[in-house]
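Subject: Structure handover

Hello,

Here is the structure for your files. My notes on it follow below.

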Amino acid sequence: MTAMSTPVRIAPSILSADFGHLHDDVRAVAAAGADWIHVDVMDGHFVPNLTIGPLVVAAARKACDLPFDVHLMIAHPDAYAAAFRDAGADLITVHAETCPHLHRTLQVVRATGAKVGVSLNPHSPLNPLEHILDEVDLVLLMTVNPGFGGQKFIRGVLPKIRKLREMIRARGLTVDISVDGGINSATVFEAAAAGANVFVAGSAVFGAPDYGDAIAELRALALSGVETSKAAPVGA
């Protein structure tokens with residue numbers, strides 16, 4: 001793969017949507033300029049919360065044609081990848097912490113026809129990516145501890161974002177860096193300047209009075225941060 005610029009993407013997380021009007025909320029953020037729809041799947045085992053399964057993804061999928069970015073915060077993701085792909089997932093991200101045979105799990109996801117992502121919790125080092133970075137389309141770095149929305153952004157992850165971007169550049173790869181947790185108008189610039197280009201935002205979008213204004217503000221700040229990142233010397 002050759003190195004190339006990666007576009008900024010705003011991915012509203014339906015974890016913060018009104019589940020009583022989920023179809024309408026998904027359609028509304030799509031119309032408001034979202035790039036992806038982010039779906040947080042939690043199992044009550046890997047993380048201390050339960051959210052949604054393939055049936056809800058399939059229902060939300062009918063609301064728009066945007067790519068569905070499905071984040072599996074679950075144990076045994078191999079067993080569920082095909083079901084979420086069938087429900088409409090375009091990209092499926094698994095947690096390295098749940099995968100004792102990570103390369104094999106990524107192969108299982110790829111075999112469904114979905115794009116492949118791998119996620120790391122805030123405390124997890126980048127080491128698991130060393131031998132699989134060229135196998136993925138996206139790396140999602142958690143900027144909160146997974147399990148609940150509305151948490152405060154952990155700025156200690158910023159050096160890890162910078163290091164990951166350097167790894168990607170050094171290998172000449174095209175891999176998106178996504179950040180998830182506490183992303184809002186006060187943090188998105190920092191995450192982008194560190195090297196992220198996909199921004200998962202829950203309450204910052206769904207809690208805003210105008211989805212379009214919220215997405216436009218996040219995008220403008222992210223673009224400014226990305227330009228700062230491009231201008232910084234490698235290793236800065």
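A residue is called buried under 20% relative accessible area, exposed over 50% and partly exposed in between, with a 1.4 Å probe and protein chains only. Thr-98 is buried, because its relative accessible area is 14%.

The model is predicted, so local features need pLDDT of at least 70 and side-chain atom pairs count only at pLDDT 80 or more, while totals for chains, interfaces and linings use all residues. Residues are numbered from 1 along each chain as its sequence is written, and side-chain values use heavy atoms, with hydrogens and water left out.

Thr-98 sits in the loop between strand E4 (91-95) and helix H4 (102-111); helices (H or I, at least four residues) and strands (E, at least two) are DSSP runs, numbered from the N terminus. The side chain of Thr-98 reaches the backbone oxygen of His-95 at 3.0 Å. Apart from neighbours within four places in sequence, Thr-98 is in contact (heavy atoms within 4.5 Å) with Phe-46, Ile-74, Ala-75 and Pro-77.

For the chain as a whole, there are eight helices and eight strands. Of its 236 residues, 52% are buried. Among contacts between residues at least 6 apart in sequence, 67% join residues at least 24 apart. The C-alpha trace spans about 45 × 40 × 30 Å along its principal axes. The radius of gyration, taken over C-alpha atoms, is compared with a globule rule of 2.2 Å times the number of residues to the power 0.38. For 236 residues a compact globule would have a value near 18 Å, and the chain has 16 Å, which agrees.

Regards

Key: A polar contact is a pair of N or O atoms within 3.5 Å; within protein, one must be able to donate a hydrogen and the other to accept it, and residues adjacent in sequence count only if both atoms are side-chain atoms.
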